[in-house]
Amino acid sequence: MTDTTEVSAAPAAPIASSRRFTASIREALWGYVFIGPWLIGLAIFAAGPIIASLIISLTDFNLLRPEAVQFIGFDNYIKMASDPNVLNSLLVTVKFAIIAIPLTMVASLGLAVLVNSPKLFGRSIFRTLFYMPIQIPLVASTLVWIGFLNTETGWLNGILAVFGITGPDWINSTVWIYPALSLIGLWGIGNLMLINIAGLQSVPSELYEAARIDGAGPWKMFRRITIPLMSPILLYNLVISLIVTFQYFTQAYTMTNGRGDPDNATLFINLNLFREAFQFNRMGYGAAIAWLLFVIVLVLTLLLFAFARKRVYYAGGES
Amino acid sequence: MTAPAARRLRTFGEGGPVAKAYRRYLGKASLTMFGLILVSAFLLPLLFMISTSLQQPGQRTTPGAPIYPAVPLTGTYQGEPYPVYAVPIDGTTRNLMLVDKGRESSVFVDPDDPSATPIEWQGHWRTLEQAWTFSLDFGNFANVWTQLDFPRLLFNTAAIATLSTLAAVASSALVAYGFARFRFPGKNMLFVVLIATIILPFQVTLIPTYVIFTWLGWNGTWLPLIIPHLFANAFNVFLLRQYFMSIPRDLDEAAMIDGASPFRILRSVILPLSLPAVAAVSLFHFFFAWNDFFVPLLYLASKPELQPLSIAIQRYNALFVSEPTLIQAAALMTMAVPVVVFFLAQRAFMRGVVVTGVEK
């Protein structure tokens, strides 16, 4: 506080304004000091690498021979269009997303409704138990599920056999691997469930009371009140699920030790990227795949938002 | 009809209060039952894991073996051990020792009464199933413990997670305080950028970051797992900022009048009042780091002595893929710490999710 004494020596009127001025400058400086770590990190770990990644994607950069790097224009991007691994990895990711995302959305909302119901004894215990598996390290939970789904030593097919169903070879079938991975994904719905519970609790209870007086049943109230009022939260969950699905890696890597078995059915975009960049050392190509992934996720997210805006508008028009 | 009888009818009749309460109770009970079935099915793989990890290696592949941990039953007859089989006799199944094997008929002895007359049973003994008895085998855990050098893995995992959490919480608290309490040009725009970094897929920055760390000579060390967290991350900053903003400004102003510097205010006023949020962020980050797979795989793949649990058990699975008892034991040991801590601190976890998830 040494500079305040200096300022107080100046004439009366400017004192107040210059004091206020220095105070606000000082406040701004303190603000920048405190957010400094993030600003520096933004430059080193986000902005810089984003630009570098764009440049690398236009080269044939190989970390083992960095001096031999050559600018090759859009060759990497052109190559992707006819690379069977890239095309297959897109297809694989989409196939998985089509099963896993709806399952996750419905299950997380269903469980939220269940554990939020006043008709359930021990709601908080149920909530904790349904949330808990998200805390299990992904590698460990994947190993548990691989064991559980094993046709010889696992339990699931044994249980299905009790009901007279011959269970498939979940892990080694190019078809059943996606439902299998989606089942594993159910252990990760805890966060979405909690967010849904918060959403359910934020719906004003007067609306339900009014609807009940008008003779609406529970399903009608759910469809006409709960779902529309929760639509922003459902959209948020959907976007998060989409991003997570397109980043899918650990479970696929754990399951086949990174090989993408069976028959490349688990060669997800991210796994393919990992192999190209870090196992085959084709970093330029890897960077191009990363940008492809980013563009796909961005476009899908924007489409979702556009679609959602329409839906919300229609819902408003109806009522 | 007398008045009390009519009242009884009203009370206990179909529309009466007892029937209503009964129906409500029935509704609650059936929904709770449904929930119990659902949660049992949801967590059944965990029971599979526990059961398998406590079995002897060959049990799962032996035909007729039970699903719970068990060993083949044996009995003693005239000082010699004999295997016990489930033998169908006269419409019931009895557990009997096989003392004399034969192609057409075999001789069995009741293990509970070895002095009784041996029973001759017609049929091929190979068609019989062995009798099993419940038995826990902790050998798998001991094997995993030594084969994986588990104490070292626990140390690595805990050390990486602790250092990374300290870095993340300290830096995020500074940044959150900056956003919560100071006015500066571009603040709103910067906050939007901060939130936008959540959406940025890490793959886009992955390769350049990897190259930089490799050129710095940090590949094969813990530094790439810890240093980036010194620069705060959006989730933590967001959660802490929300909490800091709920603390009345009068408190900082009082401290400021007493001559406290902003750092001092953060340390002595804001942080002590934000312990729940700090705890939530710490727990989240600690287990994010504990469970992380991709980054350690990238930088520590060739350094077994520095690897955390997640990488080591993935390698272990690749080696022992045909031994489910060992793999399930390893999975159980890997999840033990996160799951126990979760049950102890579940409130902090679950509240944090809702703050970051909904208040956006």
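Colleague: Which residues have the most contacts inside the largest nonpolar core?

Modeller: In this predicted model, they are Val237(B), Ala330(B) and Ala331(B), in a core of 144 residues. Helix H4 of chain B, residues 150-181, gives the largest share of this core, 13 residues. Apart from that core lies another of 13 residues, including Val84(B), Leu96(B), Met97(B) and Trp132(B).

Colleague: What does Ala330(B) touch, leaving out residues up to four places away in sequence?

Modeller: Ala330(B) touches Val144(B), Leu148(B), Ile313(B) and Tyr316(B).

Colleague: Why can helix H8 of chain B be called largely enclosed?

Modeller: Start with the general idea. An α-helix has 3.6 residues a turn, so residues three or four places apart point the same way. In H8(B), 9 of the 12 residues are buried, so the helix is largely enclosed by the rest of the structure. The buried ones are Ala234(B), Asn236(B), Val237(B), Phe238(B), Leu239(B), Leu240(B), Arg241(B), Tyr243(B) and Phe244(B).

Colleague: What span should H8(B) have at 1.5 Å a residue?

Modeller: The 12 residues of H8(B), 234-245, should span 16 Å, and the end C-alpha atoms are 16 Å apart, which agrees.

Colleague: Now the strands. In what sense do S4(B) and S5(B) pair, parallel or antiparallel?

Modeller: Again the general idea comes before the case. In a regular strand the side chains alternate between the two faces of the sheet. Here S4(B), residues 92-100, and S5(B), residues 105-109, pair in the antiparallel sense over 3 bridges. A hairpin of 4 residues joins S4(B) to S5(B). Met97(B) has Val109(B) in S5(B) as its bridge partner, and Met97(B) is also among the residues of the 13-residue core.

Colleague: Over how many bridges does S5(B) pair with S6(B)?

Modeller: S5(B) and S6(B), residues 119-122, pair over 4 bridges, in the antiparallel sense. Phe108(B) stands opposite Ile119(B) in S6(B).

Colleague: Where do the domains of chain B fall?

Modeller: The assignment gives domain 1 as 3-52, domain 2 as 70-134 and domain 3 as 141-358. The C-alpha centres of domains 2 and 3 of chain B lie 59 Å apart.

Technical notes. Residues are numbered from 1 along each chain as its sequence is written. Chains are lettered from A and ligands numbered from 1 in the order in which they are written. This is a predicted model: local features need pLDDT of at least 70, side-chain atom pairs count only at pLDDT 80 or more; totals for chains, interfaces and linings use all residues. A nonpolar core is a set of buried Ala, Val, Leu, Ile, Met, Phe, Trp, Tyr and Cys residues joined through C-beta atoms within 7 Å. A residue is buried if 20 or more other C-beta atoms lie within 10 Å of its own, exposed if 12 or fewer, and partly exposed in between; C-beta atoms are placed from the backbone. Helices (H or I, at least four residues) and strands (E, at least two) are DSSP runs, numbered from the N terminus. Two residues are in contact if their C-beta atoms, placed from the backbone, lie within 7 Å. The expected span of a helix is 1.5 Å times one less than its number of residues. Domain bounds come from an automatic or database domain assignment. Two strands pair if DSSP finds at least two bridges between them.
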